[in-house]
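Open your viewer and get ready to select residues by number. This tour takes you from stop to stop and says what is there.

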Amino acid sequence: MRSKSIILLFLVVCLAVYGGLKGYVHFKVKAEVDRLIHLVEPYVDIRYEEISSSFGGEVSVEGITVIPKGAVEVVRIGVLELAGDDFTFLLEMVGGLKADRPPEKVQVVARRIEIPVEVEQLFGLEGGTVAARPKPCTLGGILSHSGLENLDYQRLIADVRFGYRLNASAGEFSINIGYWLQEIENFRLDLSFTDVAAAGDVAMGVMPRLAGGELRYQMAQDYAIGMVNYCAKQAGKRPSAYLDNLFSMSDQRYAQELGFVPGQGIRFILDKMIRQSAEVHLRIAPGVRLDLPKLQSYSPSQWPELLGLEVTVGERQVTDLGLTIPERGAMGWSSRQGDTQVGAAASDGRLSRAKPRFIETGVDRLAGYLGSDVRIYTTSRSKPKHGILNAVKGEFLEVEQRIHGGKMTMLIALDRVKKVEVLRRK
(Lines give C-alpha, C1' and ligand atoms only; values in the text may rest on other atoms or scores of the structure.)
Protein backbone atom coordinates (compact mmCIF):
# COMPACT_ATOMS: atom_id res chain seq x y z
CA MET A 1 0.00 0.00 0.00
CA ARG A 2 2.90 2.30 0.80
CA SER A 3 4.39 1.89 -2.69
CA LYS A 4 1.00 2.52 -4.30
CA SER A 5 0.61 5.70 -2.24
CA ILE A 6 4.05 6.90 -3.35
CA ILE A 7 3.22 6.23 -7.02
CA LEU A 8 -0.14 7.97 -6.66
CA LEU A 9 1.51 10.96 -4.98
CA PHE A 10 4.12 11.09 -7.73
CA LEU A 11 1.39 11.14 -10.39
CA VAL A 12 -0.48 13.90 -8.57
CA VAL A 13 2.70 15.98 -8.36
CA CYS A 14 3.40 15.44 -12.09
CA LEU A 15 -0.12 16.49 -13.00
CA ALA A 16 0.15 19.56 -10.79
CA VAL A 17 3.50 20.52 -12.37
CA TYR A 18 2.09 19.92 -15.86
CA GLY A 19 -1.02 21.99 -15.14
CA GLY A 20 0.98 24.77 -13.54
CA LEU A 21 3.51 24.91 -16.35
CA LYS A 22 0.78 24.73 -18.97
CA GLY A 23 -1.17 27.47 -17.26
CA TYR A 24 1.95 29.62 -16.88
CA VAL A 25 2.90 29.27 -20.57
CA HIS A 26 -0.69 29.88 -21.67
CA PHE A 27 -0.89 33.02 -19.53
CA LYS A 28 2.48 34.32 -20.76
CA VAL A 29 1.71 33.56 -24.40
CA LYS A 30 -1.64 35.29 -24.12
CA ALA A 31 0.03 38.27 -22.49
CA GLU A 32 2.61 38.43 -25.31
CA VAL A 33 -0.12 38.29 -27.96
CA ASP A 34 -2.07 41.03 -26.19
CA ARG A 35 1.12 43.13 -25.98
CA LEU A 36 1.72 42.83 -29.73
CA ILE A 37 -1.91 43.75 -30.45
CA HIS A 38 -1.55 46.80 -28.21
CA LEU A 39 1.54 47.94 -30.18
CA VAL A 40 -0.40 48.08 -33.46
CA GLU A 41 -3.53 49.54 -31.88
CA PRO A 42 -2.96 53.05 -33.35
CA TYR A 43 -3.13 51.56 -36.87
CA VAL A 44 -5.44 48.58 -36.71
CA ASP A 45 -8.05 47.16 -34.35
CA ILE A 46 -7.47 43.42 -33.74
CA ARG A 47 -9.80 41.22 -31.69
CA TYR A 48 -9.91 37.48 -31.08
CA GLU A 49 -12.24 35.01 -29.42
CA GLU A 50 -9.92 32.36 -27.99
CA ILE A 51 -6.24 31.50 -27.64
CA SER A 52 -4.72 28.10 -26.86
CA SER A 53 -1.29 26.48 -26.69
CA SER A 54 0.11 22.97 -26.48
CA PHE A 55 3.28 21.26 -25.29
CA GLY A 56 3.90 20.35 -28.92
CA GLY A 57 5.03 23.94 -29.45
CA GLU A 58 1.83 25.29 -31.00
CA VAL A 59 -0.16 28.46 -30.40
CA SER A 60 -3.63 28.91 -31.93
CA VAL A 61 -5.68 32.10 -32.00
CA GLU A 62 -9.27 31.68 -33.18
CA GLY A 63 -12.02 34.03 -34.32
CA ILE A 64 -9.82 36.96 -35.34
CA THR A 65 -11.25 40.20 -36.74
CA VAL A 66 -8.98 42.89 -38.17
CA ILE A 67 -10.22 46.43 -38.82
CA PRO A 68 -7.63 48.91 -40.18
CA LYS A 69 -8.12 52.45 -38.94
CA GLY A 70 -10.57 54.26 -41.20
CA ALA A 71 -11.78 51.00 -42.77
CA VAL A 72 -15.44 50.23 -43.41
CA GLU A 73 -14.94 46.50 -43.98
CA VAL A 74 -13.68 43.76 -41.68
CA VAL A 75 -11.02 41.14 -42.40
CA ARG A 76 -11.77 37.84 -40.65
CA ILE A 77 -9.37 34.99 -39.92
CA GLY A 78 -10.85 31.70 -38.76
CA VAL A 79 -7.70 30.54 -36.98
CA LEU A 80 -4.07 31.61 -36.87
CA GLU A 81 -1.59 28.89 -35.92
CA LEU A 82 2.03 29.42 -34.91
CA ALA A 83 4.19 26.36 -34.37
CA GLY A 84 7.82 25.54 -33.63
CA ASP A 85 9.74 22.30 -33.09
CA ASP A 86 8.65 21.59 -29.52
CA PHE A 87 7.71 23.14 -26.17
CA THR A 88 11.01 25.05 -26.00
CA PHE A 89 9.70 27.24 -28.83
CA LEU A 90 6.92 28.48 -26.55
CA LEU A 91 9.41 29.16 -23.79
CA GLU A 92 11.51 31.20 -26.22
CA MET A 93 8.40 33.08 -27.30
CA VAL A 94 7.52 33.83 -23.70
CA GLY A 95 11.03 35.16 -23.12
CA GLY A 96 10.91 37.27 -26.29
CA LEU A 97 12.16 36.14 -29.70
CA LYS A 98 15.67 37.39 -30.57
CA ALA A 99 16.36 38.69 -34.11
CA ASP A 100 19.98 37.45 -33.98
CA ARG A 101 18.93 34.04 -32.61
CA PRO A 102 15.80 32.97 -34.48
CA PRO A 103 14.11 29.64 -33.65
CA GLU A 104 15.28 26.70 -35.76
CA LYS A 105 11.77 26.06 -37.06
CA VAL A 106 8.69 28.24 -37.40
CA GLN A 107 5.43 27.51 -39.22
CA VAL A 108 2.61 30.05 -39.50
CA VAL A 109 -0.77 29.05 -40.94
CA ALA A 110 -3.78 31.33 -41.34
CA ARG A 111 -6.98 29.48 -42.21
CA ARG A 112 -10.13 30.91 -43.77
CA ILE A 113 -9.05 34.49 -44.29
CA GLU A 114 -12.01 36.52 -45.56
CA ILE A 115 -11.44 39.87 -47.28
CA PRO A 116 -13.53 41.94 -49.70
CA VAL A 117 -12.89 41.37 -53.40
CA GLU A 118 -12.19 45.06 -53.96
CA VAL A 119 -9.47 46.41 -51.66
CA GLU A 120 -11.02 49.85 -52.12
CA GLN A 121 -14.10 48.58 -50.26
CA LEU A 122 -11.94 47.82 -47.24
CA PHE A 123 -11.06 51.49 -46.81
CA GLY A 124 -14.26 52.93 -48.25
CA LEU A 125 -12.50 54.50 -51.25
CA GLU A 126 -14.53 55.56 -54.25
CA GLY A 127 -13.41 56.10 -57.81
CA GLY A 128 -9.79 55.23 -57.08
CA THR A 129 -7.48 52.32 -56.52
CA VAL A 130 -4.82 51.59 -53.94
CA ALA A 131 -2.45 50.63 -56.76
CA ALA A 132 -2.82 50.64 -60.52
CA ARG A 133 -4.14 47.28 -61.67
CA PRO A 134 -4.48 45.77 -65.14
CA LYS A 135 -7.83 46.18 -66.86
CA PRO A 136 -10.24 43.23 -66.74
CA CYS A 137 -10.30 40.94 -69.78
CA THR A 138 -6.65 41.58 -70.62
CA LEU A 139 -4.02 38.88 -70.12
CA GLY A 140 -2.58 40.80 -67.19
CA GLY A 141 -6.08 41.29 -65.80
CA ILE A 142 -6.90 37.56 -65.91
CA LEU A 143 -3.59 36.65 -64.26
CA SER A 144 -4.09 39.23 -61.49
CA HIS A 145 -7.86 38.64 -61.03
CA SER A 146 -9.02 42.10 -62.07
CA GLY A 147 -12.78 42.26 -62.43
CA LEU A 148 -13.74 39.49 -60.03
CA GLU A 149 -16.82 41.48 -59.12
CA ASN A 150 -18.09 40.81 -62.65
CA LEU A 151 -18.31 37.12 -61.70
CA ASP A 152 -20.38 37.92 -58.59
CA TYR A 153 -17.50 37.40 -56.16
CA GLN A 154 -18.13 39.39 -52.97
CA ARG A 155 -15.40 38.20 -50.62
CA LEU A 156 -12.22 36.19 -51.11
CA ILE A 157 -11.53 33.19 -48.88
CA ALA A 158 -7.96 31.99 -48.53
CA ASP A 159 -5.61 29.79 -46.53
CA VAL A 160 -2.01 31.01 -46.22
CA ARG A 161 1.07 29.12 -45.05
CA PHE A 162 4.59 30.34 -44.29
CA GLY A 163 7.43 28.50 -42.64
CA TYR A 164 11.16 27.98 -42.46
CA ARG A 165 13.67 25.52 -41.04
CA LEU A 166 17.20 26.45 -40.04
CA ASN A 167 20.10 24.05 -39.42
CA ALA A 168 22.83 26.44 -38.36
CA SER A 169 25.43 23.73 -37.71
CA ALA A 170 25.09 22.44 -41.28
CA GLY A 171 24.68 25.94 -42.75
CA GLU A 172 21.33 25.02 -44.29
CA PHE A 173 18.12 27.01 -44.51
CA SER A 174 14.79 26.25 -46.19
CA ILE A 175 11.63 28.26 -46.61
CA ASN A 176 8.11 27.40 -47.78
CA ILE A 177 5.34 29.78 -48.82
CA GLY A 178 1.93 28.83 -50.08
CA TYR A 179 -1.68 29.88 -50.37
CA TRP A 180 -5.00 28.51 -51.51
CA LEU A 181 -7.47 31.05 -52.85
CA GLN A 182 -10.89 29.42 -52.94
CA GLU A 183 -12.18 28.86 -56.50
CA ILE A 184 -9.36 30.99 -57.95
CA GLU A 185 -5.83 29.56 -57.62
CA ASN A 186 -3.27 27.53 -55.67
CA PHE A 187 0.38 28.46 -55.16
CA ARG A 188 3.31 26.86 -53.35
CA LEU A 189 7.01 27.77 -53.29
CA ASP A 190 9.79 25.82 -51.55
CA LEU A 191 13.39 27.05 -51.56
CA SER A 192 16.52 25.67 -49.93
CA PHE A 193 19.80 27.51 -49.30
CA THR A 194 23.32 26.62 -48.18
CA ASP A 195 26.33 28.49 -46.78
CA VAL A 196 24.39 30.03 -43.91
CA ALA A 197 27.32 31.17 -41.80
CA ALA A 198 25.41 31.91 -38.60
CA ALA A 199 21.92 31.58 -37.20
CA GLY A 200 21.37 35.32 -37.27
CA ASP A 201 22.44 35.80 -40.89
CA VAL A 202 19.03 35.04 -42.37
CA ALA A 203 17.19 37.27 -39.91
CA MET A 204 19.65 40.11 -40.55
CA GLY A 205 19.14 39.92 -44.32
CA VAL A 206 22.38 38.18 -45.34
CA MET A 207 21.52 36.25 -48.50
CA PRO A 208 22.78 32.63 -48.52
CA ARG A 209 23.38 30.61 -51.71
CA LEU A 210 20.45 29.04 -53.51
CA ALA A 211 20.65 25.24 -53.48
CA GLY A 212 17.33 24.30 -55.07
CA GLY A 213 13.66 25.00 -55.22
CA GLU A 214 10.25 24.04 -56.46
CA LEU A 215 7.19 26.08 -57.43
CA ARG A 216 3.68 24.88 -58.23
CA TYR A 217 0.85 27.06 -59.50
CA GLN A 218 -2.61 26.22 -60.80
CA MET A 219 -5.47 28.48 -61.79
CA ALA A 220 -8.82 27.10 -60.64
CA GLN A 221 -10.97 25.82 -63.49
CA ASP A 222 -14.11 27.60 -62.27
CA TYR A 223 -12.33 30.96 -62.26
CA ALA A 224 -10.63 30.44 -65.63
CA ILE A 225 -13.82 29.31 -67.37
CA GLY A 226 -15.93 32.01 -65.72
CA MET A 227 -13.56 34.84 -66.61
CA VAL A 228 -12.97 33.65 -70.19
CA ASN A 229 -16.70 33.24 -70.83
CA TYR A 230 -17.43 36.70 -69.40
CA CYS A 231 -14.67 38.37 -71.42
CA ALA A 232 -15.63 36.51 -74.61
CA LYS A 233 -19.22 37.71 -74.22
CA GLN A 234 -18.03 41.29 -73.73
CA ALA A 235 -15.94 41.01 -76.91
CA GLY A 236 -18.73 39.34 -78.89
CA LYS A 237 -16.60 36.26 -79.57
CA ARG A 238 -16.63 32.57 -78.80
CA PRO A 239 -14.38 31.70 -75.81
CA SER A 240 -11.84 29.88 -78.02
CA ALA A 241 -11.70 32.81 -80.47
CA TYR A 242 -11.29 35.28 -77.59
CA LEU A 243 -8.32 33.28 -76.23
CA ASP A 244 -6.77 32.93 -79.69
CA ASN A 245 -6.93 36.71 -80.05
CA LEU A 246 -5.58 37.21 -76.52
CA PHE A 247 -2.43 35.19 -77.19
CA SER A 248 -1.76 36.62 -80.65
CA MET A 249 -1.27 40.21 -79.43
CA SER A 250 1.84 42.18 -80.34
CA ASP A 251 5.14 42.06 -78.47
CA GLN A 252 4.62 45.66 -77.39
CA ARG A 253 1.28 44.74 -75.84
CA TYR A 254 2.88 41.82 -73.98
CA ALA A 255 5.52 44.20 -72.63
CA GLN A 256 2.90 46.68 -71.47
CA GLU A 257 0.78 44.04 -69.73
CA LEU A 258 3.42 41.71 -68.26
CA GLY A 259 6.56 43.84 -68.14
CA PHE A 260 8.37 41.45 -70.50
CA VAL A 261 7.86 39.76 -73.86
CA PRO A 262 7.51 35.97 -73.47
CA GLY A 263 8.96 33.58 -76.01
CA GLN A 264 6.90 30.81 -77.57
CA GLY A 265 7.52 28.41 -74.70
CA ILE A 266 6.24 30.81 -72.04
CA ARG A 267 3.27 31.71 -74.25
CA PHE A 268 2.52 27.99 -74.49
CA ILE A 269 2.59 27.78 -70.67
CA LEU A 270 0.24 30.76 -70.26
CA ASP A 271 -2.13 29.36 -72.87
CA LYS A 272 -2.41 25.93 -71.19
CA MET A 273 -2.60 27.52 -67.75
CA ILE A 274 -5.69 29.56 -68.69
CA ARG A 275 -7.29 27.41 -71.38
CA GLN A 276 -6.96 24.06 -69.55
CA SER A 277 -6.24 25.09 -65.93
CA ALA A 278 -3.04 23.04 -66.24
CA GLU A 279 -0.67 23.02 -63.27
CA VAL A 280 2.67 24.77 -63.81
CA HIS A 281 5.57 23.07 -62.06
CA LEU A 282 9.02 24.70 -61.86
CA ARG A 283 12.13 22.97 -60.50
CA ILE A 284 15.32 24.86 -59.72
CA ALA A 285 18.65 23.01 -59.42
CA PRO A 286 21.64 25.34 -59.98
CA GLY A 287 24.66 23.45 -61.26
CA VAL A 288 27.05 26.09 -59.94
CA ARG A 289 27.39 28.14 -56.77
CA LEU A 290 24.91 30.90 -57.50
CA ASP A 291 24.54 34.20 -55.66
CA LEU A 292 21.01 35.47 -56.36
CA PRO A 293 21.99 39.19 -56.31
CA LYS A 294 24.41 38.48 -59.20
CA LEU A 295 21.66 36.95 -61.33
CA GLN A 296 20.73 40.39 -62.66
CA SER A 297 24.24 40.69 -64.11
CA TYR A 298 23.33 38.08 -66.71
CA SER A 299 20.95 38.39 -69.63
CA PRO A 300 17.45 36.88 -69.20
CA SER A 301 18.29 34.22 -71.79
CA GLN A 302 20.93 32.84 -69.40
CA TRP A 303 18.74 32.61 -66.31
CA PRO A 304 17.19 29.18 -67.07
CA GLU A 305 20.63 27.63 -67.52
CA LEU A 306 22.09 29.31 -64.44
CA LEU A 307 19.16 28.21 -62.30
CA GLY A 308 19.01 24.71 -63.78
CA LEU A 309 15.37 25.46 -64.49
CA GLU A 310 12.97 22.70 -65.57
CA VAL A 311 9.34 23.57 -66.32
CA THR A 312 6.35 21.36 -66.95
CA VAL A 313 2.78 22.41 -67.63
CA GLY A 314 0.16 19.72 -67.27
CA GLU A 315 3.01 17.14 -67.12
CA ARG A 316 4.41 18.42 -70.44
CA GLN A 317 7.99 19.63 -70.27
CA VAL A 318 8.72 23.03 -71.85
CA THR A 319 12.33 23.81 -72.73
CA ASP A 320 12.00 27.10 -74.62
CA LEU A 321 11.95 29.62 -71.76
CA GLY A 322 13.22 32.64 -73.68
CA LEU A 323 11.95 36.13 -72.91
CA THR A 324 12.78 39.75 -73.62
CA ILE A 325 12.88 42.48 -71.00
CA PRO A 326 12.37 46.06 -72.26
CA GLU A 327 14.84 48.73 -71.25
CA ARG A 328 13.82 50.64 -68.14
CA GLY A 329 11.21 53.24 -69.03
CA ALA A 330 10.94 51.92 -72.58
CA MET A 331 7.48 50.39 -72.65
CA GLY A 332 6.85 52.45 -75.61
CA TRP A 333 9.15 50.62 -77.29
CA SER A 334 12.90 50.31 -77.19
CA SER A 335 13.92 46.89 -75.95
CA ARG A 336 16.87 44.88 -74.81
CA GLN A 337 16.75 41.44 -76.34
CA GLY A 338 17.55 38.72 -73.84
CA ASP A 339 18.98 36.59 -76.65
CA THR A 340 21.28 39.24 -78.08
CA GLN A 341 22.50 41.17 -75.06
CA VAL A 342 24.99 39.73 -72.59
CA GLY A 343 25.31 40.89 -68.99
CA ALA A 344 28.66 42.29 -67.96
CA ALA A 345 29.38 39.37 -65.68
CA ALA A 346 29.04 36.92 -68.56
CA SER A 347 32.15 38.23 -70.30
CA ASP A 348 34.47 36.38 -67.92
CA GLY A 349 33.81 33.06 -69.64
CA ARG A 350 31.90 31.45 -66.81
CA LEU A 351 28.95 30.71 -69.07
CA SER A 352 29.06 30.03 -72.79
CA ARG A 353 26.24 31.49 -74.89
CA ALA A 354 24.79 30.51 -78.22
CA LYS A 355 22.07 32.17 -80.23
CA PRO A 356 19.01 29.92 -80.63
CA ARG A 357 18.88 28.16 -84.00
CA PHE A 358 16.94 25.34 -85.62
CA ILE A 359 18.71 22.08 -84.76
CA GLU A 360 17.75 18.66 -86.08
CA THR A 361 16.20 16.65 -83.26
CA GLY A 362 15.22 12.99 -83.11
CA VAL A 363 11.51 12.19 -82.92
CA ASP A 364 12.12 10.23 -79.73
CA ARG A 365 13.34 13.46 -78.06
CA LEU A 366 10.51 15.75 -79.15
CA ALA A 367 8.48 15.26 -75.97
CA GLY A 368 11.15 17.33 -74.22
CA TYR A 369 10.54 20.33 -76.50
CA LEU A 370 6.80 20.92 -76.23
CA GLY A 371 5.97 24.59 -76.69
CA SER A 372 9.02 25.18 -78.91
CA ASP A 373 9.20 26.47 -82.48
CA VAL A 374 9.68 23.57 -84.89
CA ARG A 375 10.25 23.00 -88.60
CA ILE A 376 8.93 19.67 -89.87
CA TYR A 377 10.05 18.22 -93.22
CA THR A 378 7.68 15.61 -94.65
CA THR A 379 7.76 13.18 -97.57
CA SER A 380 4.95 15.06 -99.35
CA ARG A 381 6.63 18.45 -99.80
CA SER A 382 10.06 20.03 -99.96
CA LYS A 383 9.29 23.08 -97.82
CA PRO A 384 9.02 22.53 -94.07
CA LYS A 385 5.89 23.07 -92.03
CA HIS A 386 6.54 25.69 -89.35
CA GLY A 387 4.67 25.96 -86.03
CA ILE A 388 4.58 25.36 -82.29
CA LEU A 389 4.89 21.77 -81.09
CA ASN A 390 1.88 21.12 -78.87
CA ALA A 391 2.02 17.37 -78.32
CA VAL A 392 3.38 14.02 -79.43
CA LYS A 393 0.32 11.75 -79.60
CA GLY A 394 0.95 8.13 -80.52
CA GLU A 395 1.74 8.13 -84.23
CA PHE A 396 1.14 11.86 -84.74
CA LEU A 397 2.71 15.23 -83.98
CA GLU A 398 0.30 18.01 -83.00
CA VAL A 399 1.52 21.36 -84.33
CA GLU A 400 -0.09 24.78 -83.96
CA GLN A 401 0.24 27.21 -86.88
CA ARG A 402 -0.69 30.87 -87.22
CA ILE A 403 -2.55 31.65 -90.42
CA HIS A 404 -3.98 35.03 -91.40
CA GLY A 405 -3.97 36.32 -87.84
CA GLY A 406 -5.61 33.15 -86.46
CA LYS A 407 -4.46 29.72 -85.33
CA MET A 408 -4.85 26.23 -86.72
CA THR A 409 -3.90 22.92 -85.15
CA MET A 410 -2.79 20.12 -87.45
CA LEU A 411 -1.76 16.49 -86.96
CA ILE A 412 1.25 15.18 -88.87
CA ALA A 413 1.72 11.42 -89.14
CA LEU A 414 5.12 10.30 -87.91
CA ASP A 415 5.54 7.88 -90.82
CA ARG A 416 5.51 10.92 -93.17
CA VAL A 417 8.12 12.87 -91.18
CA LYS A 418 11.61 13.01 -92.74
CA LYS A 419 13.23 15.45 -90.33
CA VAL A 420 12.31 17.73 -87.41
CA GLU A 421 14.27 20.84 -86.41
CA VAL A 422 13.70 22.54 -83.03
CA LEU A 423 14.60 26.15 -82.26
CA ARG A 424 17.04 25.79 -79.39
CA ARG A 425 20.54 26.64 -78.29
CA LYS A 426 22.16 23.21 -78.35
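The stops below go from a pocket to strands, rings, backbone angles and distances.

**Before you start**

This is a predicted model, in which local features need pLDDT of at least 70 and side-chain atom pairs count only at pLDDT 80 or more, while totals for chains, interfaces and linings use all residues. Residues are numbered from 1 along each chain as its sequence is written, and side-chain values use heavy atoms, with hydrogens and water left out.

**Stop 1**

Rolling a probe the size of a water molecule over the atoms shows where empty space is left. Select Phe260, Ile266, Val280, Leu282 and Leu309. Of the 25 residues that line the second largest pocket, these five are the closest to its centre. The volume of this pocket is about 680 Å³. A pocket is found on a 1 Å grid over the protein atoms alone, using a 1.4 Å probe: it is an open set of points with protein on both sides within 12 Å along at least five of seven lines, and lining residues have an atom within 4 Å of a point. The volume is the space filled by probe spheres set on the points, which are joined across faces, edges and corners.

Now colour the elements that give two or more residues to the lining. They are strands E8 (185–194), E9 (209–219), E11 (280–284) and E14 (323–326), with helices H9 (264–275) and H10 (303–307). Helices (H or I, at least four residues) and strands (E, at least two) are DSSP runs, numbered from the N terminus.

Which element gives the most to the lining? H9 does, with 4 residues. Next, check the classes. The lining has 25 nonpolar residues, no polar ones and no charged ones. Here Ala, Val, Leu, Ile, Met, Phe, Trp, Tyr, Cys and Pro count as nonpolar, Asp, Glu, Lys and Arg as charged, and the others, Gly among them, as polar.

**Stop 2: paired strands**

Show E8 and E9 together. They run antiparallel and are joined by 10 bridges. Two strands pair if DSSP finds at least two bridges between them. Select Phe193: its bridge partner in E9 is Leu210.

Glu214 has Arg283 in E11 as its bridge partner.

**Stop 3: aromatic rings**

A pair of aromatic rings is described by the distance of the centres and the angle of the planes. How many aromatic pairs does a search of the whole structure find? It finds 3. Rings of Phe, Tyr and Trp (its six-membered ring) pair if their centres lie within 6.5 Å; planes under 30 degrees apart count as stacked, over 60 as edge-to-face and the rest as tilted.

Select Phe173 and Phe193. This pair is tilted, at 6.2 Å centre to centre with 35° between the planes. Phe173 lies in strand E7 (residues 172–181) and Phe193 in E8, so the pair ties together parts that are 20 residues apart in sequence. Phe173 is buried at 9% relative accessible area, and Phe193 is buried at 8%. Buried means under 20% relative accessible area, exposed over 50%, and partly exposed in between (1.4 Å probe, protein chains only).

Go on to Tyr179 and Phe187. Their rings are stacked, 5.4 Å centre to centre with 20° between the planes. Tyr179 is partly exposed at 28%.

**Stop 4: charges over rings**

Select Arg375 and Phe358. Arg375 lies over the face of Phe358, 4.1 Å from the ring centre. A charge sits over a ring if NZ of Lys or CZ of Arg is within 6 Å of the ring centre and within 35 degrees of the ring normal. Lys419 and Tyr377 come next. The charged end of Lys419 sits over the Tyr377 ring, 4.7 Å from its centre.

**Stop 5: backbone angles**

Most residues other than glycine have a negative phi. Select Arg112, in strand E5 (residues 105–116). Its phi is positive, about 55°. Ser277, in the loop between H9 and E11, has a positive phi near 55°. Is Ser277 buried or exposed? Ser277 counts as buried, at 8% relative accessibility.

**Stop 6: distances**

Val311, in strand E12 (residues 310–313), is 95 residues from Arg216 in sequence and 10.0 Å from it in space, C-alpha to C-alpha. Finish at Val374, in strand E17 (residues 373–378). The C-alpha atoms of Val374 and Val399 are separated by 8.5 Å, with the two residues 25 apart along the chain.
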